[in-house]
Amino acid sequence: MMLEHILILSAYLFSIGIYGLITSRNMVRALMCLELILNAVNLNLVTFSHLFDSCQLKGDIFSIFVITIAAAEAAIGLAIVSSIHRNRKSTRINQSNLLNK
């Protein structure tokens, strides 16, 4: 019974992330939605790791790697957004064409 609840929660998080990523016009919001998607995947990794093989920690360790990569992605993404905002004075995705000056 608990497995279904966790998978439904993960599906909701993933769906909200995809919807936000598709409809977002702000770069910061798009990065936050990408983090929601990665968190939904991490929730599935840990859940199935505990379900199928609770003695080994393969899913937990892999989710720690995903969290580390997501943190690095967020730091680099926010640095890029900050640089674009400094140059273009906007963080809207449709207004930031970096090929035109």
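Biologist: Where in the chain is Phe14 found?

Modeller: Phe14 is found in helix 1. Bear in mind that this is a predicted model.

Biologist: How do I read its exposure: is Phe14 buried, partly exposed or exposed?

Modeller: Buried is under 20% relative accessible area and exposed is over 50%, with partly exposed in between. At 37%, Phe14 therefore counts as partly exposed.

Biologist: Which residues does Phe14 touch, beyond those up to four places away in sequence?

Modeller: Phe14 touches Ile37 and Ala40. The C-alpha atoms of Phe14 and Ile37 are separated by 4.9 Å, although the two residues are 23 apart along the chain.

Biologist: Which elements make up the chain?

Modeller: The chain has three helices and zero strands. Read from the N terminus, the order is α-α-α.

Biologist: How confident is the prediction, as a mean pLDDT for the chain?

Modeller: pLDDT is the predictor's confidence in each residue, on a scale from 0 to 100. Here the mean for the chain is 83, and 87% of the residues reach 70 or more. Among the elements, helix 1 (residues 2-23) has the highest mean, 93. Helix 3 (residues 58-88) has the lowest, 83.

Biologist: Which residue caps the N-terminal end of helix 2?

Modeller: Asn26 does, with a side-chain oxygen 3.3 Å from the backbone nitrogen of Val28.

Biologist: Which residues of helix 2 are buried?

Modeller: They are Met27, Ala30, Leu31, Cys33, Ile37, Ala40, Asn42, Thr47 and Ser49. The cover over these buried residues includes helix 1 and helix 3. Two of the residues that Phe14 touches, Ile37 and Ala40, are on that list.

Biologist: Take Thr47 from that list. What does its side chain lie close to, in terms of backbone oxygen?

Modeller: A polar atom of the Thr47 side chain lies 2.7 Å from the backbone oxygen of Leu43. Thr47 has a relative accessibility of 12%, so it counts as buried. Setting aside neighbours within four places in sequence, Thr47 is in contact with Leu3 and Ile6.

Biologist: Is Lys58, one of the residues Ser49 touches, buried or exposed?

Modeller: Lys58 counts as exposed, because its relative accessibility is 62%. Lys58 lies in helix 3. Its C-alpha atom is separated by 8.8 Å from that of Val46, a residue 12 places away along the chain.

Biologist: How far does helix 3 reach from its first C-alpha to its last?

Modeller: The reach is 44 Å for 31 residues, close to the 45 Å expected at 1.5 Å a residue.

Biologist: Which residues of helix 3 are buried, and what do they pack against?

Modeller: The buried ones are Gly59, Asp60, Ser63, Val66, Ala70, Gly77, Val81 and Ile84. They pack against helix 2. Gly59 and Asp60, both buried, are among the residues that Ser49 touches.

Biologist: What comes just after helix 3?

Modeller: Lys89 comes there, and it takes a positive phi of about 60 degrees.

Biologist: How many disulfides does the structure hold?

Modeller: To count as a disulfide, two cysteine sulfur atoms must be within 2.5 Å. The structure holds zero.

Biologist: For the chain as a whole, what share of residues is buried?

Modeller: Buried residues make up 23% of the 101 residues. The accessible surface comes to about 7,400 Å², and 70% of it belongs to carbon and sulfur atoms.

Biologist: Last, what share of contacts joins residues at least 24 apart?

Modeller: The share is 54%, taken among contacts between residues at least 6 apart in sequence.

Terms used:
Residues numbered from 1 in each chain as written. Predicted model: local features only at pLDDT ≥ 70, side-chain atom pairs only at ≥ 80, totals over all residues. Heavy atoms only, no water. Buried < 20%, exposed > 50% of the residue type's maximum accessible area, 1.4 Å probe, protein only. Polar contact = N/O pair within 3.5 Å; in protein donor to acceptor, adjacent residues only side chain to side chain. Contact = heavy atoms within 4.5 Å. Helix = DSSP H or I, 4+ residues; strand = E, 2+ residues; numbered from the N terminus. Areas by Shrake-Rupley, 256 points an atom, 1.4 Å probe, with all protein chains shown as cover. Expected span 1.5 Å × (residues − 1).
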